[in-house]
Amino acid sequence: MSKLGKFFKGGGSSKSRAAPSPQEALARLRETEEMLGKKQEYLENRIQRELSLAKKHGTQNKRAALQALKRKKRFEKQLTQIDGTLSTIEFQREALENSHTNTEVLKNMGMAAKAMKAVHENMDLNKIDDLMQEITEQQDIAQEISEAFSQRVGFGADFDEDELMAELEELEQEELNKKMTNIRLPNVPSSSLPAPPERVPGRMANMPSSTPRTRAASSRRAEEEEDDIKQLAAWAT
């Protein structure tokens with residue numbers, strides 16, 4: 001057994017010392033990383049300083065230059081060791097974070113499983129089946145009621161369409177006949193028209209021509225008779 005192993009073994013038993021929580025261990029690892037990071041920065045500065053001293057003395061003071069190079073080598077070795085230590089600590093920290101995450105996930109899943117079990121303890125599968133069947137039946141009844149309301153009531157389905165059309169035509173004909181009876185036709189003269197005067201040769205030039213008033217009255221009477229005839233023809237159709 002190595003001296004390092006004896007040192008850690010003699011530090012105390014696991015029974016007498018309680019294990020730290022994952023949060024405490026992570027906090028300690030981060031503090032260690034921060035401390036080693038500062039040590040890295042210090043060693044890098046010392047390496048640059050010793051290298052500058054070695055260049056400064058050069059061949060003029062070989063002994064001082066060699067001492068500076070030796071110190072630089074020691075610092076570089078320490079820096080390499082710190083790099084390896086930081087890599088190990090980083091790996092350990094990531095593993096601990098993953099373990100802590102898995103532990104929290106497992107704990108939460110266990111709590112969810114217990115809660116789900118507690119909920120299902122008050123549920124009866126037979127009651128659920130009966131409830132779903134009852135819901136389905138009520139939905140079917142509601143659908144039938146909706147379809148019954150949406151159907152058209154068959155009022156007037158026993159009437160004959162041809163008889164109705166014939167009755168409608170009779171009513172239209174009666175209305176047309178009433179309109180025809182209310183039409184006032186022009187009076188026909190009862191007396192016979194006077195015979196046209198005999199034409200006497202030589203007197204045609206001396207006969208007076210019809211006046212403008214007479215021609216206008218005749219034209220107006222002819223237009224009225226033509227309008228009456230058109231109105232009769234329209235009602236007849």
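This short talk walks through the nonpolar core, a surface patch and the salt bridges of the structure shown above.

Before the details, please keep in mind that this is a predicted model, in which local features need pLDDT of at least 70 and side-chain atom pairs count only at pLDDT 80 or more, while totals for chains, interfaces and linings use all residues. Residues are numbered from 1 along each chain as its sequence is written, and side-chain values use heavy atoms, with hydrogens and water left out.

The largest nonpolar core has 9 residues, namely L29, L36, L43, I47, F75, L79, I82, L86 and I89; by nonpolar core I mean a set of buried Ala, Val, Leu, Ile, Met, Phe, Trp, Tyr and Cys residues joined through side-chain atoms within 4.5 Å, and buried means under 20% relative accessible area, with exposed being over 50% and partly exposed in between, for a 1.4 Å probe and protein chains only. Two elements, α2 (22–57) and α3 (62–121), each give two or more residues to this core, and α3 gives the most, with 5 residues. The element names follow DSSP runs numbered from the N terminus, helices being H or I over at least four residues and strands being E over at least two. In soluble globular proteins, nonpolar side chains tend to be buried together.

Turning now to the surface, V119, M123, L125, I128, L131, M132 and I135 form a nonpolar patch with about 660 Å² of accessible area together. Patches are made of residues with over 30% relative accessible area and no salt bridge, like charges being joined within 9 Å and nonpolar side chains (Val, Leu, Ile, Met, Phe, Trp, Tyr) within 5 Å, and accessible areas come from the Shrake-Rupley method with a 1.4 Å probe, where for residues only the protein chains shown count as cover. Helix α4 (residues 125–150) supplies the largest share of the patch, 5 residues, and one of the patch members, L125, is exposed at a relative accessible area of 64%.

How many salt bridges does the structure hold? There are 7 salt bridges, each being a side-chain nitrogen of Lys or Arg within 4 Å of a carboxyl oxygen of Asp or Glu. In one of them E97 pairs with R30, the closest N and O atoms being 3.0 Å apart; because E97 lies in helix α3 and R30 in helix α2, the pair ties together parts that are 67 residues apart in sequence. Both count as partly exposed, E97 at 24% relative accessibility and R30 at 42%.

The side chains of R46 and E50 meet in another salt bridge, at 3.3 Å from N to O, and, being 4 residues apart in helix α2, they are separated by about one helical turn. Here R46 is buried, at 16% relative accessible area, and E50 counts as buried at 2%.

Finally, K107 forms a salt bridge with E104, with the closest N and O atoms 3.5 Å apart, and both lie in helix α3, 3 residues apart, about one turn of the helix. Salt bridges that share partners also join R30, E33, R93 and E97 into one network.
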